[in-house]
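Thanks, everyone; I would like to walk through a few local details of one model, so please have the sequence and the structure open.

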Amino acid sequence: MRREITGGLTWRSRALLLLLPMVAVVAALSIGRVGVPVSYIFDSVLDKLGTQAAELMTQYESVLWKFRLPRILLSLLVGAGLSVSGCAFQSLFSNPLATPDTLGVASGTSFGAALALLLGFGMLGVQAMALFFGIAAVALTYLAGSGKGRSSMGMMILSGIMVGSLFTALISLIKFTADTESQLPVITYWLMGSMSAAGYDSLLLGAPLIVLGIAVLYLLRWRLNILLLSDDEARASGMNVKAMRIVTVLCATGITASCVSMCGQVGWVGLLVPHLCRMRYGSNHLALVPSSVCVGAAFMVAVDTMARSVSAAELPLSILTAIIGAPFFIVLMRRSGGWQM
């Protein structure tokens, strides 16, 4: 496992990374079953800002601001959040296979959402219960991995696998008891991931936790480099390793739980994007964290645009991310000669 630390981002790289999600957003606003000219999008934005009065088509306005913009904003948040969470967990556990679900948070969140759908809750109720059980899953993982007052990264990973398996079994139990005509299809489709339920109300509930978690990890990104070192080397640096690990887990857990609570399970993003950025920008988290945020946001917007545009029936996100992610990840491994950390 390589622990080479390379330089940060150049100004050209920063400009390119900032431009990438912007281009993805404009393309996503334009592409769909109802195509919207790019020139119209800019006219509409200027009209919203009050700098230009233009004759605007009501149909386009509704498509842009009522339907497409909320799911694009959600895609940006989910892509950035899952990518930076995967990056943080890979550093925390010094494991290239670590993902946002390493501690069982995605399984716990999915169980909470499935239970809420079974009980007939509305979308905000589904989101709130999903968040609660996601955080509860991580708390259970911590309790299981710190028996007799001792804990280690290996114990936490094993506990996360066990807790994740438990909640996966509980999800299967809910599917088994759900009404096959009305409840089961809704639960199954939700678990496969979709941005179709995106709305400004749900964003107000879930977005603050994602933004806060990303902001904290961004501000502490240089400390994530130290977590790649051995415990003795990390302590010799003067950093409170235990406190840093707790903050990292809390931020990554809150981000992941909030993402999954709003759109269901979306795989591969937290695994693929950090590795892609690491191969391009190196292992220095001063560059890796912001690049993961920008690339992950653009990637998720592109995948969601594809999901709602390639066929008459919207494709689940987890299907597309696996179809795109698995072959691409294999190619990246072959080109890089193996895992990189």
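Leaving aside its neighbours within four places in sequence, which residues is Pro185 in contact with? The contacts, meaning heavy atoms within 4.5 Å, are with Asp179 and Thr180. Before going on, note that this is a predicted model, in which local features need pLDDT of at least 70, side-chain atom pairs count only at pLDDT 80 or more, and totals for chains, interfaces and linings use all residues. Residues are numbered from 1 along each chain as its sequence is written, and side-chain values use heavy atoms, with hydrogens and water left out.

Pro185 belongs to helix 7, where helices are DSSP runs of H or I with at least four residues, numbered from the N terminus. With a relative accessibility of 40%, Pro185 is partly exposed, that is, between the buried class (under 20%) and the exposed class (over 50%), using a 1.4 Å probe and protein chains only. Pro185 and Lys175 lie 10 residues apart in sequence, with their C-alpha atoms 9.2 Å apart in space.

Turning to the helix pair, the axes of helix 6 (residues 153–177) and helix 7 (residues 183–191) come within 9 Å and cross at roughly 150°, the axes being lines fitted to C-alpha atoms over the stretch in contact, with angles from 0 to 180 degrees between N-to-C directions. That crossing makes helix 6 roughly antiparallel to helix 7, a label used for angles over 145 degrees. From helix 6, Ile171, Ile174 and Lys175 meet Leu184, Ile187, Thr188 and Leu191 of helix 7.

Key. Helices (H or I, at least four residues) and strands (E, at least two) are DSSP runs, numbered from the N terminus. Angles under 35 degrees count as roughly parallel, over 145 as roughly antiparallel, 65 to 115 as roughly perpendicular and the rest as oblique.
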